[in-house]
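The sequence and the structure come first, and the description follows.

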Number of protein chains: 2
Amino acid sequence: MLRSAPQSLIDELSAALPGQVTQNETELNRHASDESFHKAIRPDAIVMARSTSDVQLVMRLCSAANVPVIPFGVGSSLEGQIIPVEGGITLDLSEMDKIVEICPDDLIVVVQPGLRRIPLNDRLAKEGLFFSVDPGADATLGGMASTGASGTTTVRYGSMRENVMALEAVLADGTVVRTGSRARKDSAGYDLTRLLVGSEGTLAVITELTLRVFGIPEAMSGAYCTFDRLSDGVAAATLLVKQGLPIARCEFLDGLSVKAINAYQGTSLTESPTLFLEFHGSKKSIADQADEAGEIFREYGASDFTWTADEGERRKLWQARHNAYPAVLATQVGATALTTDSAVPLSRLPEAVEYAQQVFDDQPFSWSVLGHVADGNFHALLMFDPNDEKAYLAAKAASTKLTTRVIELGGTCTGEHGIGLGKRDSLVNQVGSETIELMRSVKNTFDPGNILNPGKILFPKESA
Amino acid sequence: MLRSAPQSLIDELSAALPGQVTQNETELNRHASDESFHKAIRPDAIVMARSTSDVQLVMRLCSAANVPVIPFGVGSSLEGQIIPVEGGITLDLSEMDKIVEICPDDLIVVVQPGLRRIPLNDRLAKEGLFFSVDPGADATLGGMASTGASGTTTVRYGSMRENVMALEAVLADGTVVRTGSRARKDSAGYDLTRLLVGSEGTLAVITELTLRVFGIPEAMSGAYCTFDRLSDGVAAATLLVKQGLPIARCEFLDGLSVKAINAYQGTSLTESPTLFLEFHGSKKSIADQADEAGEIFREYGASDFTWTADEGERRKLWQARHNAYPAVLATQVGATALTTDSAVPLSRLPEAVEYAQQVFDDQPFSWSVLGHVADGNFHALLMFDPNDEKAYLAAKAASTKLTTRVIELGGTCTGEHGIGLGKRDSLVNQVGSETIELMRSVKNTFDPGNILNPGKILFPKESA
């Protein structure tokens, strides 16, 4: 249902927030799409919020006018989360990018939602601290909370769910609420913090986040090894987790990804299933951890386990993993990628990846697989020419087929990218119609007019 | 508002669930109170559920009759959570105590809600696994999820919030919903799992839990040291956390608690602020961790740091900590205890504990303080004769005064015991009236007839 913002509303917003409202073509286009393959749709106008009271004002006016509001950080979402499918106002929070407070002795930082991850970490480094969640993109903290982001360090430090301690948020009617506290444990009433984390801007607009941070480890080491079969690597990694080895990162790439990386960065890595690991701790403990891991990996058939505590060497080692996405994309000029985001119970990872490889074989798109092995989470990058409808439909169908199997295995259609537009049907399949109805009633409680990022997570009611 | 179950409803339940409904005096009394000081109130009848469909049936009939249902595990709650303040039916889940499935390679176990923690761990031990959340009491897993329990190992392994992966639950109208998945990461839609965890039976009845488990560490060591001032111990412990040392347990006792323990178990421990620690890992890593911790503790003035990897010695060391509660209670014959549950930002712990000690001094009750130092969570045990109204009121007032200060410090009125009956006013103080209204609308969405454990977490509307 299209609910475009009438010009009178845009004028009212412009009058109330002079200089903060734009309908500039370039800006409308920039706010029309994220990093996914989903079709771009331009908002009717963009409001640059500078304060919580700006957000309140926008919500009050749009609520009264029944016009959708789409919260926006930098647009790095991967499931169309910021696309204004029903029209309306994009509420850009990127100018609310301050660090409100750093409390080194509490291991806490308070930030505005538009702050990005990398500037935050640059500033925290001066205090010997870091924020652990690393989804790859230099996303905003508000966006990362909204999609329930995680990344390569989740196995040790958790995802946004574990690292957001408290929130300030503005409800659809403009009311400001505060959830959580600065205590590391809190069982005071309903956990609204965790309900807002991962709600993709459909329940409230996050205007402040209190985050848990960690001390920068005294030492870090990187490790690398290859396996003939991915299943052996997964089994070895699972054993590490089971033995409680505090691995900080544990990533895998399939042979195709490594091949793409070799082509991209001119290396000659073995084009086999590869694990990359990282250990954090004291100088002594990272050596011990690497030795323990090496012993297990060799038992499981890795012949080339190698590790280094040298900072330059470690970065070079991880460069390959970090380059995986551009490297794979570079294998097909002009291609766009559909990125799957399956997560399965640990032991089902080899089976799920093998199934994916079978489904993708002989399809009219190229692909590769990589993932967060110690979390059971993997991504397939399915690449196709954006103008090739047949390849696009084949990629969509293959992704759906994989997701169906992943759900049968007890897994989830999305480990860290969220539902957005692209996974709404998978969500129904995963949680069942009773749970969908419960989610719908939660949405309705928070946002009875359905103006907050409508059409995301849940299908619009009329088409459900 | 009293909404007693009419005899016709009890007869209907008895006919539908023969042999599972009782109004036996002993049973009514056993279900009238938990382990807190809150006044006992008997339910009208008790239904022993044996299956999810039993729970559905009870919810349907009680929903139709507008009669409250109070889910019950073993009654080990500490804030009156299971007291039927508006009358009604206690739904005892203790016979739903099966382990449904153990998946050692996924580090997952699926259990019914009436299973207790210790039998679960006895069974898991055969697989080399353990469930980490240890609140002291041998509580049921359903109860622990409902109060958002945690315990001594939370610093390393997390609380119930981090360790419940998926739930099956029955809504007020009898609908069964499933939340979450078996994947270690899941950002699929609203996080209803975390909303139900800590909801104290007011939103739904949990009928099955999928829990994260850990491998039993190869080795464990215990450590012990005393400080002249608690603040030095806290500062040292915070530094350990900041340096990322993966401590498994880090507890403190004040001098009064140690004195009580000496009297109770005939030991001669130094009657000063004391830290107890535990390290988990390989034989090598626990030695290294203990050495690193010892170095830091000595820097902060601990003269007597000692550690052991011997299993018998470790258990003996921790015996003191485990005996703290009975030891402190034994200092006053016939006393009951009001247990506070403050959690503050890490750096504020010394200040909060000092404030508590000031508030409690010269009061007509005896007390001691202990807690989970690396989480910023501490308990004061305020002991009084249950017939001494003056002491009881003084304890209540002191607890409220402490809680007010803790909230000012950015902390929470409850780190792990939940709100129940005892902390409803503190919750209002902590989160503010807007957030309370939001919690109320969430409650109303799940349970429009207000039959699920009414009067807990939120005040009844008429008295709000």
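In this predicted model, B:Thr22 has B:Ile46, a residue of β2(B), as its bridge partner. Helix α3 of chain B, made up of residues 52-65, packs on the sheet and touches β2, β3 and β4 of chain B, and the direction of this helix makes about 170° with that of β4(B). The bridge between B:Thr22 and B:Ile46 belongs to a region where β1(B) and β2(B) pair in the antiparallel sense over two bridges. The sheet as a whole is open and has four strands in the order β1-β2-β4-β3 (chain B), with mixed pairing. Its edge strands are β1 and β3 of chain B, each of which pairs on one side only.

Turning to the two chains, chain B can be laid on chain A by a turn of 180° with a shift of 0.0 Å along the axis, which gives an RMSD of 0.0 Å. The two copies are therefore related as by a two-fold rotation axis. Because 100% of the interface residues of chain B are also interface residues in chain A, the copies meet through the same surface.

| Domain of chain A | Residues |
|---|---|
| domain 1 | 7-94 |
| domain 2 | 99-215 |
| domain 3 | 219-325 |
| domain 4 | 332-408 |

Taken over C-alpha atoms, the centres of domain 1 of chain A and domain 4 of chain A are separated by 32 Å.

Note on methods
Residues are numbered from 1 along each chain as its sequence is written. Chains are lettered from A and ligands numbered from 1 in the order in which they are written. This is a predicted model: local features need pLDDT of at least 70, side-chain atom pairs count only at pLDDT 80 or more; totals for chains, interfaces and linings use all residues. Two strands pair if DSSP finds at least two bridges between them. Two residues are in contact if their C-beta atoms, placed from the backbone, lie within 7 Å. Axes are lines fitted to C-alpha atoms, for helices over the stretch in contact, and angles run from 0 to 180 degrees between N-to-C directions. Copies are superposed by least squares on the C-alpha atoms of residues with pLDDT of at least 70 in both. Domain bounds come from an automatic or database domain assignment.
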